[in-house]
Amino acid sequence: MNFSSNRSAALLGLAITVALSGCASTQGKKPESTQPPPGQSSAKKPVTQGEYKAQIQSMVAKDPMFALLAAELAAQRGDNYSAVIAYTEAAKALKRADLAKRAVELSLNDNDPELSLSAAQTWYTLAPTDPQAKRSVLLLQLSTNRVDEAMPALKDYVADLRKLEEQHPGISGVTPDKVTLELLLRIPDKDKAYNTGLKLLGDDPTNDNNQNLLSQLAYSTDHYPQAVAHIEQAIKVKPAENYYVLLAQYLEKRDGNSNAAIALLTTQTAQHPKWFAARLYLARTYTQAADWPNAKTVFDQLIQMQPDNYALYSSQGFVLSKLHDRRGAEKYFQTYLKKMPADQIQNEPLIYLTLSGLALDDKDYKGALRWIDKAPDAAENIDLQLRKSLILEQSGKMPQAMKVLDDYQPQDDDEGVRIILARSQLAEKQKQPKTSETILDKGLSTYPDQPDLLYERSMVAERQDDLVAVEKYLRRLIAVKPDSANGYNALGYTFADHGIRLDEALELIQKANSLSPNDPFILDSLGWVYFKLGRNAEAEETLKKALSIRSDQEIGTHLVQVLLKSGKKAEAQQLADKLKTQFPAKPSL
C-alpha cells in the first residue's frame with residue numbers, strides 16, 4: 001500500500017487509538033465503556049460497547065486493509081475485544097475466512113462466547129465446507145445455551161460419528177458416546193443439557209448402552225434420581241458389574257450417604273465372587289466412612305484376588321494403621337515399597353510418617369526415629385522433620401528436638417511459617433514463654449501480618465494473661481483477614497472467659513458463627529458467653545448442639561456447669577460421669 005507520509009502518520013495514529021481504545025479498565029476484557037473512538041474529541045463522554053462496535057464497523061467499511069493493522073495492534077496490546085470486532089468485520093468485507101478464523105482464536109482467549117460465536121458464524125458463512133468452522137459454531141452454540149439452533153448440526157455430527165465408528169471401529173480413539181456426552185455437557189443450563197440428551201439420544205428402556213449414557217448425563221448435570229433410574233434400567237437389561245458400580249456412586253449422591261451403596265455392593269459382591277471393581281468401590285466406600293474393620297476385610301479379599309496388585313498393599317497398610325495394627329501395617333507397607341516399581345510408588349513420605357506414628361504410639365522412640373531416617377530425602381521433607389522433632393520432644397530430648405527445627409532450611413514461605421510455629425510451640429512446652437514470644441515476633445518481622453503467626457502470638461499472650469497483647473494481635477488478625485472466624489471467636493471467648501466486655505464478646509462470637517456455622521468450638525464459645533450473660537436456656541441449647549456435633553471434654557464441661565446453674569443436677573451428674581468415662585485422664589468438674 002502506498003500512503004503519503006501525512007496520511008500514513010494519520011492512519012497509524014488512528015490504528016494505535018483503536019488499539020488502545022478498548023477500555024480504561026482491565027486490559028484484555030470486554031469493556032463496559034470505551035475511550036473516545038477515532039476522530040472524537042476527548043472532551044466527550046466515553047461511548048458504549050454498541051457505539052464502539054459500530055465505530056469499528058464503520059472504520060472497516062471505509063478501509064478494510066487498514067482495519068487489519070488496527071486489529072493486530074489491538075491484539076498485541078491485549079485488547080482482544082477490539083481486535084475480534086475488527087477482524088470479523090474485515091473478514092466480511094474482504095470475504096476472507098482466514099480472518100474470521102483469526103477472530104475466533106482471539107475471542108476464545110478472551111473467554112467471551114458470545115463474541116466468539118459471532119466470529120465463528122462469519123467464518124462458517126465464508127467457509128461452509130470447512131468442518132472446523134462448522135464444529136466451532138456448534139460448540140459455541142452449545143456453550144451459549146442456543147440448543148435449538150444447534151440441534152440440527154448436533155444430530156448430524158453425532159450421526160456422522162456413529163457411522164464412522166461402524167465403518168472403522170476405533171479409528172477416532174474415543175467412542176461416539178463419550179464425544180456425545182462431552183458435547184452435551186458444554187451446555188451451561190443443566191436442565192437443558194439433560195433434556196437435550198433425552199431428545200438427541202432417545203430413551204430406549206431396552207438398550208442398556210443408551211440408558212448408561214443417559215445415566216452419566218443425568219449424574220453430571222446433578223439429576224441424581226434420574227441417574228439412578230436410568231442405570232437401574234440398564235441393569236435390568238444387562239446386570240453388568242460396571243453398571244452396579246455406577247449405581248452405587250449415584251445412590252451416594254442421591255441419598256447424601258453411603259448406606260444404600262454399601263448394602264447394594266455387599267449383596268452383589270457376595271453373589272459374584274470374581275467381581276473386582278465392585279469390591280474395590282466397596283472398599284473405598286468403607287474407607288471414606290472410616291469403617292476400618294470392614295475396609296480391612298474387603299482389601300483382604302481384593303489382595304487374594306490380585307496378589308500382584310501391589311497398590312492394594314499400600315491401601316491395606318493405611319487401613320491397618322487406623323486399626324492400630326502396627327505389625328500388619330509394617331508388613332503391607334514393606335511389601336508395597338519392596339515390590340512396587342520405584343517410579344510408581346506413591347505417598348512414600350506419608351507411609352514413613354505413618355510407620356513412625358505407630359511406633360510413637362507405642363512409645364518406641366528409637367523405632368519411630370528409625371522409620372523417619374529410612375525415608376528417602378528425609379532431611380528435605382518438612383513433615384518428616386517436624387515428626388522427628390516431635391519424637392525427640394516426647395522422648396525428653398528437648399534440645400535435640402529444637403535443633404532439628406533450627407537446622408531445617410525452609411523451601412518456601414509456607415514452610416518458613418510452619419517451622420516458626422513449631423519452634424514457638426516447643427519453647428512453650430519447655431516453659432519458656434518469653435522465648436516463644438521472641439520467636440514469633442521475629443517471625444512476624446519476616447512475614448508481616450501472617451495470619452497463623454498473629455493467631456499463635458495472641459494465644460501465647462493469652463496463656464500469660466496478657467489481655468492487652470491478646471486483643472492487639474487478634475484485632476490485627478481480623479484486620480488483615482476479615483473472614484477469620486477463629487480470630488473473632490478467640491477474641492470473643494477471651495473476653496467471655498474473663499467475664500469482661502460481654503456484649504462485645506457476644507457480637508464477636510456471633511460474627512464468627514456467621515462465618516463458620518456449626519463449628520462446634522465456635523458454638524461452645526457462643527454457649528459460654530450466653531452463660532456468662534445469664535442466658536442459661538440459650539446457653540444450654542447451644543452447648544448441646546455443639547456437643548452433638550463433636551464429643552469434646554471442654555464443651556461437655558461447660559454444659560455441666562450450665563446444667564448445674566439451671567438446677568438440673570441429675571442431668572449434670574449423668575453428663576459428668578459420661579465425660580469421666582470418655583476422658584479418664586482429665587477431670588470433668
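This is a predicted model: local features need pLDDT of at least 70, side-chain atom pairs count only at pLDDT 80 or more; totals for chains, interfaces and linings use all residues.
## The chain as a whole

The protein chain, which has 589 residues, of which 46% count as buried, contains 32 helices and 0 strands. When contacts between residues at least 6 apart in sequence are considered, 48% of them join residues at least 24 apart.

In soluble globular proteins, nonpolar side chains tend to be buried together. In this model the largest nonpolar core has 145 residues, and the members that touch the most other members are Leu 154, Tyr 336 and Leu 453. The helix that gives the most to this core is α13, spanning residues 241-255, with 8 residues. Another core, of 33 residues, lies apart from the largest one and has Val 60, Ala 74, Ala 75 and Ala 91 among its members.

Leaving aside residues up to four places away in sequence, Leu 453 touches Val 417, Ile 420, Leu 421, Leu 440, Gly 443, Leu 444 and Tyr 447.

## Helix α26

Within α26, the buried residues are Ala 469, Val 470, Glu 471, Tyr 473, Leu 474, Leu 477 and Ile 478. The elements that cover these buried residues include α24 (433-446), α25 (451-463) and α27 (485-497).

Notes. Residues are numbered from 1 along each chain as its sequence is written. Side-chain values use heavy atoms; hydrogens and water are left out. Buried means under 20% relative accessible area, exposed over 50%, partly exposed in between (1.4 Å probe, protein chains only). Helices (H or I, at least four residues) and strands (E, at least two) are DSSP runs, numbered from the N terminus. Contact means heavy atoms within 4.5 Å. A nonpolar core is a set of buried Ala, Val, Leu, Ile, Met, Phe, Trp, Tyr and Cys residues joined through side-chain atoms within 4.5 Å.
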